[in-house]
Amino acid sequence: MKPYYQSGKITLYHGDSRKIVPSLPRNYFDLILTDPPYPDKFSWCWSFLAKASSHMLKDGGTTFSFSGVINLQDVMVAFAKEKSMFYRWTASYQNQRRV
């Protein structure tokens, strides 16, 4: 899989995670940053993300994922099923667009 962007120690991939994740190394990453789609038809993403994170992250690594409040229960359940992963906190931010 060809990176979308790469510079120094930073590599970004853009695309369907089901195609990207199998080609990535295990226990290699310090951080996974993702923004899965929110509609219900993509609720499978949370279980996939939790499993992939537990395999790809180094010990002490972090998955930072954006989620709508409506998906929060799916997120917590998916991560609770992975023994090495747990849900830690909710953060909120305000989108301040200037017109």
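**Entry 1: threonine 63**

I started at threonine 63, which lies in strand β4. The model is a predicted one, and I read every value below with that in mind.

What does the side chain of threonine 63 join in a polar contact? I found serine 53, with a polar contact of 2.8 Å between the two side chains. I then listed the contacts of threonine 63, leaving aside neighbours within four places in sequence. The list holds Ile32, Leu49, Ser53, Leu57, Phe79 and Met85.

**Entry 2: the whole protein**

I stepped back to the overall layout. I counted 3 helices and 4 strands. From the N terminus on, I read the order as β-β-α-β-α-β-α. Along the principal axes, the C-alpha atoms fill a box of roughly 40 × 35 × 25 Å.

The protein has 99 residues, and 23% of them count as buried. I also looked at contacts between residues at least 6 apart in sequence. Of these, 62% join residues at least 24 apart.

**Entry 3: helix α3**

Which residues of α3 are buried? I noted Val75, Ala78 and Phe79. They sit on the same side of α3, because they cover an arc of only 90° around the axis. I checked the other side too: Gln73, Ala80 and Lys81 are exposed there.

What do the buried residues of α3 pack against? I found α2 and β4.

**Entry 4: lysine 83**

I moved on to the segment after α3, where lysine 83 lies. Is lysine 83 buried or exposed? Its relative accessibility is 87%, so I logged lysine 83 as exposed; the cut-off for that class is over 50%.

I took one distance from here. Lysine 83 and alanine 50 are 9.9 Å apart in space, C-alpha to C-alpha. In sequence, 33 residues separate the pair.

**Entry 5: the largest pocket**

I turned to the pockets. The largest pocket holds about 1200 Å³ of space. I counted 34 residues in its lining. Nearest the centre of this pocket lie Thr11, Tyr13, Leu31, Ile32 and Leu33.

Which elements each supply at least two residues of the lining of the largest pocket? I listed β2 (10-12), α1 (17-20), β3 (29-34) and α2 (44-56). By class, this lining has 21 nonpolar, 7 polar and 6 charged residues.

**Entry 6: the second largest pocket**

I looked up the second largest pocket next. Its volume is about 940 Å³. The lining has 31 residues, and the closest to the centre are Thr63, Phe64, Ser65, Arg88 and Trp89. That brought me back to threonine 63, where I began.

The elements that give two or more residues to this lining are α2, β4 (57-65) and α3 (72-81). Which element gives the most? I found β4, with 9 residues. By class, I logged 15 nonpolar, 13 polar and 3 charged residues for the lining of the second largest pocket.

**Entry 7: notes to keep**

I kept two points together. The buried residues of α3 pack against α2 and β4.

Technical notes: Residues numbered from 1 in each chain as written. Predicted model: local features only at pLDDT ≥ 70, side-chain atom pairs only at ≥ 80, totals over all residues. Heavy atoms only, no water. 1 Å grid on protein atoms, 1.4 Å probe; cavity = no way out; pocket = protein on both sides within 12 Å on 5 of 7 lines; lining within 4 Å. Points joined across faces, edges and corners; volume = space filled by probe spheres on them. Nonpolar A, V, L, I, M, F, W, Y, C, P; charged D, E, K, R; others polar. Buried < 20%, exposed > 50% of the residue type's maximum accessible area, 1.4 Å probe, protein only. Arc of directions from axis to C-beta. Contact = heavy atoms within 4.5 Å. Polar contact = N/O pair within 3.5 Å; in protein donor to acceptor, adjacent residues only side chain to side chain.
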